[in-house]
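Reader: I have a new model on my screen and would like to go through it slowly with you. Could you start with how the terms are used?

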Amino acid sequence: MSKTFILNSLLLLSQISNPEIKFLDLKNKLEKKGFQVIVALPPKRGAYGLLREADKKIWINPIVFELGIGTQTLGNSKK
């Protein structure tokens, strides 16, 4: 992974209020398997999480952290 991507990920995660430890653990495991976890609004309107299998990208809507469902969203992101 590029250093820029890692730095951007860390910057985004630092802006999340009280990131869940389980979420971070799952995110790290997915990234080790080649997935890119993006904490930003998913390209599909109204989605909390979105998986695009073709290029192994997962979007996580930042609102899920305020709702306390970050880990569940990452674990259940759908295409």
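Author: Helices and strands here are DSSP runs numbered from the N terminus, a helix being H or I with at least four residues and a strand being E with at least two. This is a predicted model, in which local features need pLDDT of at least 70 and side-chain atom pairs count only at pLDDT 80 or more, while totals for chains, interfaces and linings use all residues. Residues are numbered from 1 along each chain as its sequence is written, and side-chain values use heavy atoms, with hydrogens and water left out.

Reader: How many salt bridges does a search of the whole structure find?
Author: The search finds three, where a salt bridge is a side-chain nitrogen of Lys or Arg within 4 Å of a carboxyl oxygen of Asp or Glu.

Reader: Which side chain does Asp-25 meet in a salt bridge?
Author: Asp-25 is bridged to Lys-29, with 3.3 Å from N to O. Because these two residues sit four apart in helix 2 (residues 21-32), about one helical turn separates them.

Reader: And Glu-31, which partner does that one have?
Author: The side chain of Glu-31 meets that of Lys-27, at 2.6 Å from N to O. Both are in helix 2 and again four residues apart, which is about one turn of the helix.

Reader: Are Glu-31 and Lys-27 buried or exposed?
Author: Both of them are buried, a word that stands for under 20% relative accessible area, with exposed meaning over 50% and partly exposed anything in between (1.4 Å probe, protein chains only). Asp-25, by comparison, has a relative accessible area of 39% and is therefore partly exposed.

Reader: What does Asp-55 form a salt bridge with?
Author: Asp-55 pairs with Arg-52, and their closest N and O atoms are 2.6 Å apart. Asp-55 is partly exposed at 34% relative accessibility, and Arg-52 is partly exposed as well, at 36%.

Reader: Switching to the sheet, what order do the strands have?
Author: The three strands form an open sheet in the order 1-3-2, with mixed pairing. Strand 1 (36-39) and strand 2 (49-52) are at the edges with a single partner strand each, so one side of each has no neighbour in the sheet. From one strand to the next the twist averages 15 degrees, taking axes as lines fitted to C-alpha atoms (for helices over the stretch in contact) and angles from 0 to 180 degrees between N-to-C directions.

Reader: How many bridges join strand 2 to strand 3, and which way do they run?
Author: Four bridges join strand 2 to strand 3 (residues 57-60), and the two run antiparallel; two strands count as paired if DSSP finds at least two bridges between them. Strand 1 is likewise joined to strand 3 by four bridges, but that pair runs parallel.

Reader: Which residue in strand 3 is the bridge partner of Val-37?
Author: The partner of Val-37 is Ile-58, and Leu-51 also stands opposite Ile-58.

Reader: What is the phi of Lys-56?
Author: Lys-56 has a positive phi of about 55 degrees although it is not a glycine. For context, most residues other than glycine have a negative phi. Lys-56 is in the loop between strand 2 and strand 3, a hairpin with four residues between the strands, and is partly exposed with a relative accessible area of 33%.

Reader: How many aromatic pairs turn up in the whole structure?
Author: The search finds one. Phe-23 and Phe-65 pair edge-to-face, 4.9 Å centre to centre and with 90 degrees between the planes. Rings of Phe, Tyr and Trp (its six-membered ring) pair if their centres lie within 6.5 Å, and planes under 30 degrees apart are stacked, over 60 edge-to-face and the rest tilted. The pair links distant parts of the chain, since Phe-23 is in helix 2 and Phe-65 in helix 3, 42 residues apart.

Reader: Last topic, how far apart are the C-alpha atoms of Leu-26 and Leu-74?
Author: They are separated by 7.8 Å, while the two residues are 48 apart along the chain. Leu-26 is found in helix 2 and, at 25% relative accessibility, is partly exposed.
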